[in-house]
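Thanks for coming, everyone. Let me put the sequence and the model on the screen, and then we will walk through it.

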Amino acid sequence: MAVERTLSIIKPDAVAKNAIGEIAARFEKAGLNIVAMKMLQLDDEKAGGFYAEHKERPFFADLVGFMTSGPVVVQVLEGENAITANRDLMGATNPKEAAAGTIRADFAETIDANAVHGSDSAESAAREIAYFFGEGEICPR
Ligand code: RTP
Ligand code: MG
């Protein structure tokens, strides 16, 4: 088992329903330490750059529109197999397909407004963490 870091975003829908604390508690209870955290209002450029891999997809404009619709909370999670552990806690992209007890099953409404983001690979995690945080903003424990 390896200690990894992953990027989590609590998306605008979950911030708007005051679910920041409950979602963060799930990470902590699962053994993922929050080693960096901040609230941000993304603009089109910052949200579009984050999801650049999807820029040719038909849902890209809606995705950027949603991610800029209100503040988000970006976090670095650290722990054993953090990337997979976080994806397991999140559940499937479409909340209608997300397993019971996952964050998306419990807090998300639609595939667009799906409560959380989590890095999908080590390469994505490294890029996404650096996209939001300088090394001096991360506090390993
Ligand atoms: P995320 O990147 O936000 O953690 O989500 P994910 O890995 O589970 O899904 P991904 O394929 O990376 O898609 C990014 C976000 O785009 C929206 N999406 N809409 N309408 C659609 O078919 C569709 N597919 C994806 C979702 O909001 C997804 O979280
Ligand atoms: Mg993704």
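In which helix is Ala105 found? Ala105 is in helix H6, residues 103–107.

Some ground rules before we go on. This is a predicted model, where local features need pLDDT of at least 70 and side-chain atom pairs count only at pLDDT 80 or more, while totals for chains, interfaces and linings use all residues. Residues are numbered from 1 along each chain as its sequence is written, chains are lettered from A and ligands numbered from 1 in the order in which they are written, and side-chain values use heavy atoms, with hydrogens and water left out.

Back to Ala105. Contact here means heavy atoms within 4.5 Å. Gly49 is another matter: 56 residues from Ala105 in sequence, and 27 Å away in space, C-alpha to C-alpha.

Now the ligand. How many residues surround ligand 1? The count is 14, and the closest are Lys11, Tyr51, Thr93, Ile111 and His117. A residue is near a molecule if one of its heavy atoms lies within 4 Å of it.

Look at the oxygen atoms of ligand 1. One is 2.6 Å from an N or O atom in the side chain of Tyr51. Arg87 has a polar side-chain atom 2.9 Å from an oxygen of the ligand. For the side chain of Asn114, the distance from an N or O atom to a ligand oxygen is 2.8 Å. Taken alone, ligand 1 exposes 560 Å², and the protein buries 80% of that. Those areas come from the Shrake-Rupley method with a 1.4 Å probe; for residues, only the protein chains shown count as cover.

Which elements give two or more residues to the shell around ligand 1? They are helix H5, 82–90, and strand E4, 116–118.

Stay in helix H5, where Asn86 lies. Asn86 counts as buried, because its relative accessibility is 0%. Beyond four places in sequence, its contacts are Thr6, Leu7, Ser8, Phe27, Leu32, Leu77, His117 and Gly118.

Next, strand E3, residues 72–80. Gln75 is placed there. With a relative accessible area of 0%, Gln75 is buried. Not counting residues up to four places away, Gln75 touches a list of residues including Thr6, Leu7, Ser8 and Phe27.

Glu80 is also found in strand E3. Glu80 has 39% relative accessibility, so this residue counts as partly exposed. Where does the chain bring Glu80 and Val3 in space? They are 77 residues apart in sequence, yet 4.3 Å apart, C-alpha to C-alpha. A polar atom of the Glu80 side chain lies 3.4 Å from the backbone nitrogen of Ala2. A polar contact is a pair of N or O atoms within 3.5 Å; within protein, one must be able to donate a hydrogen and the other to accept it, and residues adjacent in sequence count only if both atoms are side-chain atoms.

On to strand E2, residues 33–40, the place of Lys38. Its relative accessibility is 23%, so Lys38 counts as partly exposed. The Lys38 side chain reaches the backbone oxygen of Phe132 at 2.7 Å. That side chain also makes a polar contact with the side chain of Glu137, at 3.1 Å.

Most residues other than glycine have a negative phi. Asn18 is not a glycine, but has a positive phi of about 55°. Asn18 is in the loop between helix H1, 12–16, and helix H2, 20–29. At 68% relative accessibility, Asn18 counts as exposed. Ala115 also has a positive phi, of about 75°, without being a glycine. Ala115 lies in the loop between H6 and E4. Ala115 is buried, with a relative accessible area of 0%.

Methods: Helix = DSSP H or I, 4+ residues; strand = E, 2+ residues; numbered from the N terminus. Buried < 20%, exposed > 50% of the residue type's maximum accessible area, 1.4 Å probe, protein only.
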